[in-house]
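Hello,

I am handing over the structure below, and after it you will find what turned up when I went through it. Please keep it open while you read.

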Amino acid sequence: MKTTYEQIVDSQYIASPEARGNIPEILSLAGHESFSPAADDEKRTLLLAIDVQNDFMENIGSLPVAGSKGDVQRLTQWMYRNVASLTQVICSLDCHSLLQIFHPGWWLDQEGRHPDPFTTITYTDVVNGLWSVANGESERSLAYLRNLELSDRKQLCIWPHHCLEGTYGAMLESQFTYMLYFHAAARKTRSILVYKGQNPYTEMYGIIKAEYDNDNYINQTVLDAVGQYDAIYIAGEASSHCVLASTLQILEHFADNRAITSRITLLVDCMSPISGFEKDTLKQFDELKDRYGIQIRNSTDVSL
């Protein structure tokens with residue numbers, strides 16, 4: 001390859017508000033490469049990059065994930081080493097509004113105060129009057145909490161405002177973005193961006209569907225894409241929540257097709273958990289490996 005990794009990614013500016021580099025320069029560098037178009041790949045490979053966004057980056061994000069800077073460096077290095085063989089990249093992006101059921105402004109305590117971030121709100125709490133809904137959506141909010149419990153999903157956690165649509169925090173991390181568009185230009189393909197989490201009445205950790213919603217929305221486009229590739233690699237933030245949920249949703253959809261589930265590899269050194277979820281995340285990954293035949297590997301051990 002004519003272009004060096006350092007010409008695309010400046011490691012000291014990963015997870016930094018002072019992004020260096022520019023897209024026209026990246027596209028110019030890619031134009032000097034002579035890779036075959038991605039459409040000609042005989043073995044088709046897919047990277048699912050989950051929520052590689054500024055608000056999840058340590059030092060700069062409103063919901064920072066410890067280890068995310070190193071994750072981005074290792075992920076972009078892996079992409080660089082495999083540009084010639086990586087067919088497609090699909091990126092999910094959290095995209096929220098100010099008033100959503102998991103943000104503080106949705107709820108009030110008995111003194112009329114909004115909950116602190118990381119507060120857990122349960123169905124019983126609301127029934128007993130510990131929390132009330134600030135915007136008049138009490139019936140729908142209570143039904144959501146009840147359905148979360150009945151479906152054995154995560155309890156409702158109040159998160160700091162993050163990935164608000166149109167903000168810097170919702171943007172893809174800058175150095176990852178440069179590698180993403182270098183790959184797209186060099187392989188003559190188009191990166192696919194998938195927005196999630198815009199329904200104010202539900203949480204949507206995974207790329208495929210919400211934790212619970214009345215409409216039963218399914219992102220069939222992503223599922224169809226997964227079924228078309230010979231190898232699928234998953235990375236991003238946070239491993240304990242959005243990566244885990246995305247992986248589980250895909251595996252549950254293809255549960256009866258081991259030929260597809262066994263094609264999935266978690267690049268475990270390109271993701272980190274939210275603090276406090278380390279052991280549980282690794283345990284759940286191991287369970288998915290046993291149940292569905294996925295692979296769990298370091299990016300340094302994977303060549304396409």
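With which residue does Asp71 form a salt bridge? Its partner is Arg74, and the closest N and O atoms of the two are 3.1 Å apart; a salt bridge here is a side-chain nitrogen of Lys or Arg within 4 Å of a carboxyl oxygen of Asp or Glu. Because Asp71 and Arg74 are three residues apart in helix H3 (residues 68–81), about one helical turn separates them. Helices (H or I, at least four residues) and strands (E, at least two) are DSSP runs, numbered from the N terminus. Asp71 has a relative accessibility of 1% and therefore counts as buried, while Arg74, with a relative accessible area of 31%, is partly exposed. In these terms, buried means under 20% relative accessible area, exposed means over 50%, and partly exposed is in between (1.4 Å probe, protein chains only).

Before going further, please note that this is a predicted model, in which local features need pLDDT of at least 70 and side-chain atom pairs count only at pLDDT 80 or more, whereas totals for chains, interfaces and linings use all residues. Residues are numbered from 1 along each chain as its sequence is written, and side-chain values use heavy atoms, with hydrogens and water left out.

The structure holds seven salt bridges. One of them joins Arg187 to Asp41, with 2.6 Å between the closest N and O atoms. This pair links distant parts of the chain, since Arg187 lies in the loop between H6 and E7 and Asp41 in the loop between helix H2 (23–31) and strand E1 (45–50), 146 residues apart. Both Arg187 and Asp41 are buried. Another salt bridge brings together the side chains of Arg113 and Asp109 (3.1 Å, N to O), and Asp109 counts as buried because its relative accessibility is 15%. There is also a network of salt bridges that links Asp51, Asp94 and Lys196.

Turning to pockets, a pocket is, on a 1 Å grid over the protein atoms alone, an open set of points where a 1.4 Å probe fits, with protein on both sides within 12 Å along at least five of seven lines, and its lining residues have an atom within 4 Å of a point. The volume is the space filled by probe spheres set on the points, which are joined across faces, edges and corners.

The largest pocket has a volume of about 360 Å³. It is lined by 16 residues, and those nearest its centre are Arg153, Lys154, Leu244, Leu248 and Gln284. Helix H8 (239–253) and helix H10 (278–292) are the elements that give two or more residues to this lining, and H8 supplies the largest share, six residues.

The second largest pocket holds about 230 Å³ of space. Of its 15 lining residues, Met171, Leu172, Glu173, Ser174 and Thr177 are the closest to its centre. Here the elements that give two or more residues are helix H6 (174–186) and strand E7 (192–196), with the largest share, four residues, coming from H6.

Strand E7 also contains Tyr195, which is partly exposed, with a relative accessible area of 46%.

Best wishes
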